[in-house]
Amino acid sequence: MEDTLGKHADEKLEVINDTAGTHIDPVAEKKLLRKCDLHVLPPLSILFLLAFLDRTNIGNAKIQGLTKDLNMRQNDYNIALFVFFIPYILFEVPSNLIIKKLAPSTWLAAIMVLWGVSTIGMGLVNSFEGLVAMRVLLGLFEAGLFPGCVYLISMYYKRHELQWRFTLFFSMSIMAGAFGGLLAFAIAKMNGIRGYGGWRWIFIIEGLVTAVIGIVSKFWITDWPETASFLNDDERALLIARLSADTGSATMNRLDKRATRRIFSDPKVWLGTLMYFGIVNTGYAGSFFVPTIITELGYTSAAAQVRSIPIFVVATVTAIISAYATDRLRHRFGFCMLGLVVASIGYIMLLAQKHLSVGVKYFALFLIVPGGYITQPITLVWVSNLVSGHYKRSITSALQVGLGNIGGIVASNVFLQSESPKYPTGYGVSLGMLWICGASCVAMFFLVRKENRARDRGERNHRLEDEVEHVDNLGDDHPHYRFTY
């Protein structure tokens with residue numbers, strides 16, 4: 001953490017990192033990490049689970065009568081998916097600048113209540129236009145959650161501690177696919193109660209739960225390390241010391257013109273955005289269309305809800321195992337490529353599905369969804385590892401998630417009802433998107449490896465003299481900083 005500490009914390013820092021080279025107490029460090037794990041991750045994970053449920057439950061509602069009751073035709077369903085992403089993309093960066101100024105507990109709790117109300121609204125509308133309006137509001141209020149959580153989590157952990165923790169958090173979005181199918185299966189049995197269709201109850205009940213937990217979460221979500229109530233002064237100083245040791249002098253605590261130029265001219269920011277753009281398409285395609293695809297394999301709506309569950313359970317397990325391995329090995333690139341290859345095989349199978357049995361087509365979904373979820377969370381953490389400084393990390397995570405979610409717009413519009421059940425456009429475009437991600441990962445790998453070698457040779461040391469007035473605000477441009485890949 002790079003912000004200024006109080007006087008007492010500064011004194012503790014000096015004790016921990018004195019010139020004699022005193023080592024950080026490993027017992028105290030382990031205790032601190034355990035305490036952070038218990039206070040930082042659980043509330044954010046629950047918020048993200050509910051956010052993803054509310055964002056993707058429209059896929060479950062569709063096969064329970066949503067499109068019929070609202071007289072939706074042709075590509076109306078795709079439009080309802082698409083409009084969510086317009087405000088979601090536009091408000092990611094502004095939201096991360098707001099959360100930097102406010103207490104995260106206040107901001108995240110407030111937007112959670114608001115998107116819960118929007119979800120309830122989707123269950124009460126009587127027209128396609130009303131559904132679209134609610135989806136726009138949902139995108140607006142959810143915009144701040146994911147980049148805000150990525151930003152907040154990254155401020156508590158060192159770079160090679162982050163993937164494991166982040167994937168535990170991110171796995172909630174994967175489990176939402178399984179939990180959503182199970183929940184929709186149960187709620188759909190309320191069909192007809194008070195004259196409401198089962199699909200309406202899916203939105204109403206899930207939205208009500210979100211709004212109530214949003215109110216409670218104000219007192220559950222932790223704030224920045226400087227003000228987090230679960231840390232005492234000694235723990236706060238230790239946390240800052242270990243994070244400072246990880247990033248060294250690569251800080252960026254002033255958002256002036258020079259810092260802004262550094263952020264927006266950094267190719268890593270834009271390659272990271274392309275990486276996420278390519279892979280997020282598969283995540284959304286799975287959530288939006290897996291229930292429909294399984295239904296079109298010949299199963300009933302209820303059977304399709306249940307059969308979607310094991311796909312997302314397997315995806316959760318593979319994502320967590322991959323996260324553990326990538327942190328232990330301190331390597332990101334190879335795991336990104338592994339997930340892309342696995343998902344690609346699944347898409348190729350579905351593109352050639354004419355001669356495949358129903359069982360083999362169903363198996364292909366066990367390659368696409370888990371393969372995509374191996375790569376997706378790693379791309380986010382890898383890019384977070386590659387940037388340093390409070391402001392740069394804030395803006396980069398918002399840009400990567402915000403602009404990268406244009407991939408969600410693609411996912412919303414390539415699975416055409418007229419091409420059901422083979423969806424050649426959907427599968428073909430999704431396969432191509434995977435390799436946009438793959439090409440970006442390869443370019444990032446060679447870029448950061450080349451830059452590390454240049455810094456090892458001292459070719460960036462001139463920045464310490466050329467920008468002596470700004471050397472404390474260089475972020476990852478500081479010549480002493482080394483990138484991970």
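**View 1. The buried pair Arg55 and Glu142.** Both Arg55 and Glu142 are buried, a term used here for residues under 20% relative accessible area, with over 50% counted as exposed and the range in between as partly exposed (1.4 Å probe, protein chains only). Their side chains meet in a salt bridge with an N to O distance of 2.8 Å, where a salt bridge is a side-chain nitrogen of Lys or Arg within 4 Å of a carboxyl oxygen of Asp or Glu. Because Arg55 lies in helix 2 and Glu142 in helix 6 (residues 128-142), the pair ties together parts that are 87 residues apart in sequence; helices (H or I, at least four residues) and strands (E, at least two) are DSSP runs, numbered from the N terminus. The model is predicted, so local features need pLDDT of at least 70 and side-chain atom pairs count only at pLDDT 80 or more, whereas totals for chains, interfaces and linings use all residues. Residues are numbered from 1 along each chain as its sequence is written, and side-chain values use heavy atoms, with hydrogens and water left out.

**View 2. The salt bridge between Arg165 and Asp37.** The closest N and O atoms of Arg165 and Asp37 are 3.0 Å apart. Arg165 belongs to helix 8 and Asp37 to helix 2, so this pair joins parts that are 128 residues apart in sequence. Arg165 counts as buried at 13% relative accessibility, while Asp37, with a relative accessible area of 23%, is partly exposed.

View 3. In the salt bridge of Arg262 with Asp477, the closest N and O atoms lie 2.7 Å apart. Arg262 is in helix 11 (residues 257-264) and Asp477 in the segment after helix 19 (463-466), so the pair ties together parts that are 215 residues apart in sequence. Arg262 and Asp477 are both buried. A network of salt bridges links Asp266, Lys268, Lys392 and Asp476.

View 4. The domain assignment, which is automatic or from a database, gives domain 1 (36-242) and domain 2 (255-484). Contact, meaning heavy atoms within 4.5 Å, involves 51 residues of domain 1 and 60 residues of domain 2. The two domains bury about 5,000 Å² between them, 68% of it on carbon and sulfur atoms; buried area is the accessible area (1.4 Å probe) that two parts lose on being put together, summed over both. In domain 1, Arg159, His160 and Gln163 lose the most area to domain 2, together 16% of what that side buries. Between domain 1 and domain 2 the count of salt bridges is zero.
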